[in-house]
Amino acid sequence: MNIDFILDVLGTGLRMATPFILAGLGGLISLSAGDLNISLEGFMLIGAFFAILGSYLFESYVIGICFAILATMLYGLIFGLFTIKLKADVFVVGIALNLLASEATVFFSRLFFNVRGSFSDPRIVGIPNIHFDILEKVPMLNELFNDHSAFVYVSWIMIIVFWFLIYRTPYGFYFRAAGEHPEALETTGIRVNKIRWIANVICSVMCGLAGAHLSLGYLKLFVEDMTAGRGFIALSAVIFGGSNPLTMSFTSLLFGLAEGISLRIQNMGIPSQFTLMLPYLTTILALVFRAVKKNRKVSLLTSIAAVETEVKGEKL
C-alpha cells in the first residue's frame, strides 16, 4: 500500500508540475532578458479560457491550443507595450494584467457561454493521453510515466530545448546580456528592445501552453480563476531557479509533488484547509531557503574580502 501511495503521488506530481514548468520556462526567458513577468497567473488564465473556447467551437484540441497561444500572444503585446515600449514599472503592469485576466475571463464566459462559475460541454475535446506499450513490462515505470497528457511529455522536452537555447545558442547569450548588461549589448549593434520583445513572445506562448494544459489536459472545462495561484508558484520557481532551466524545473517538480501530496492526503481525514496549504507552504519555504542561502553567500564573500584587505594592509 505504501509503494502504491508513493507511486500515485509521484505520478500525480509529474502531472501537477507541468503547468509550473511550461509557464516557468517562459518566465525564465523573460527574466533573463531583464523583465520579471509577474503576470504569469493572468497569462495562464487567458490561455486556459481560450483553449476551451477554441476546442468548443471547432471540436478540436489543436484549435483550442492555437486559440490559447494567439490569445496569450495578444495579451503579451499589452505587457510589452507598457514595459518595453513605455518603460512602465513591471510590477504595476503585472498586477494590473493579473486583475484584468480574472475579470476578462468572467466577462467572456458570460459573452460566449452565457454562464458564470464553470463551463463544460461534450463538444470540448481534451488533449489526449499518450500510452507507451513498452512501459507495461515494468509496472513501476508504467505507473509513473504512462498515460499522461501529451503536454506532460512536451514539458520534459522543453526543459532540454530551453537549456540548449540559453546556453548553446547566440540568442541565449543575447537574452542574458539584455538582462545583465544591456548597454554592452547595444554597443554590438543588437537592439535590446528587440531581444526583450522576442523573450516576451516566447513567454506568452509558453503561458498559453500551460493554460491549455490546465483546461484541456486536466478536466476539459473552464472554471473562473482556475489557475488558483499556479502562476505565482511558477513565478516562485523562476525566482528560485534563476536563469537555469534545470534548477527551475526541479523546483517546479517539487511544487508539483507538494500539490500531489495535498490531493492524496485529503482522504486520510486531514482537514482540507490544511492540505490545500501544502503547495503554497512549500513555495514559501523554498523562497526562504534561497534567501538564506543567498545571504550566507554574500556574508562569506564579504568576510573573504575583509580578510584579503587585512592581509594586504599587513603586507604594506
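Which residue forms a salt bridge with E59? Keep that in mind while you get set up. You're looking at a predicted model, where local features need pLDDT of at least 70, side-chain atom pairs count only at pLDDT 80 or more, and totals for chains, interfaces and linings use all residues. Residues are numbered from 1 along each chain as its sequence is written, and side-chain values use heavy atoms, with hydrogens and water left out.

**Stop 1: the salt bridges**

Select E59 and R123. These two form a salt bridge, with their closest N and O atoms 3.4 Å apart. The pair links distant parts of the chain, 64 residues apart: E59 sits in the loop between α2 (40–58) and α3, and R123 in the loop between β1 (118–119) and β2 (129–130). A salt bridge here is a side-chain nitrogen of Lys or Arg within 4 Å of a carboxyl oxygen of Asp or Glu. The helix and strand names come from DSSP runs (H or I, at least four residues, for helices; E, at least two, for strands), numbered from the N terminus.

Now look at how open the two ends are. E59 is partly exposed, with a relative accessible area of 46%, and R123 is partly exposed too, at 33%. The cut-offs are simple: buried means under 20% relative accessible area, exposed means over 50%, and partly exposed is in between (1.4 Å probe, protein chains only).

How many salt bridges does a search of the whole structure find? Three, so let's click through the others.

Select E224 and R116 next. They form a salt bridge whose closest N and O atoms are 3.7 Å apart. E224 lies in the loop between β4 (222–223) and α10, and R116 in the loop between α4 (90–113) and β1, so the pair ties together parts that are 108 residues apart in sequence. E224 is buried at 19%, whereas R116 is exposed at 55%.

Then pick E259 and R230, whose side chains meet in a salt bridge at 2.7 Å, N to O. Because E259 is in helix α11 (residues 245–264) and R230 in helix α10, this pair ties together parts that are 29 residues apart in sequence. Both ends are tucked away: E259 is buried at 10%, and R230 is buried at 14%.

**Stop 2: helix α10**

You already have R230 selected, so extend the selection to residues 230–241, which make up helix α10. This helix has 12 residues and reaches 16 Å from its first C-alpha to its last, close to the 16 Å expected at 1.5 Å a residue. The expected span is 1.5 Å times one less than the number of residues.

Is α10 mostly enclosed or mostly open? Nine of its 12 residues are buried, so α10 is largely enclosed by the rest of the structure. The buried ones are R230, G231, I233, A234, L235, S236, A237, V238 and G241.

**Stop 3: G260 in helix α11**

Select G260, which is found in helix α11. It counts as buried, at 0% relative accessibility. Leaving aside neighbours within four places in sequence, G260 is in contact (heavy atoms within 4.5 Å) with V9, T12 and M16.

**Stop 4: helix α7**

Colour residues 170–180, helix α7, where G172, F175, A177 and A178 are buried. What covers these buried residues includes α1 (2–32), α6 (150–168), α8 (182–187) and α9 (192–219).

**Stop 5: N146**

Go to N146, in the loop between α5 (139–145) and β3 (148–149). Is N146 buried or exposed? It is buried, at 4% relative accessibility. Show the side chains of its partners:

- The N146 side chain makes a polar contact with the side chain of N142, at 2.7 Å.
- The N146 side chain also makes a polar contact with the side chain of H131, at 3.5 Å.

A polar contact is a pair of N or O atoms within 3.5 Å; within protein, one must be able to donate a hydrogen and the other to accept it, and residues adjacent in sequence count only if both atoms are side-chain atoms. Leaving aside neighbours within four places in sequence, the residues in contact with N146 include F132, L135 and Y153.
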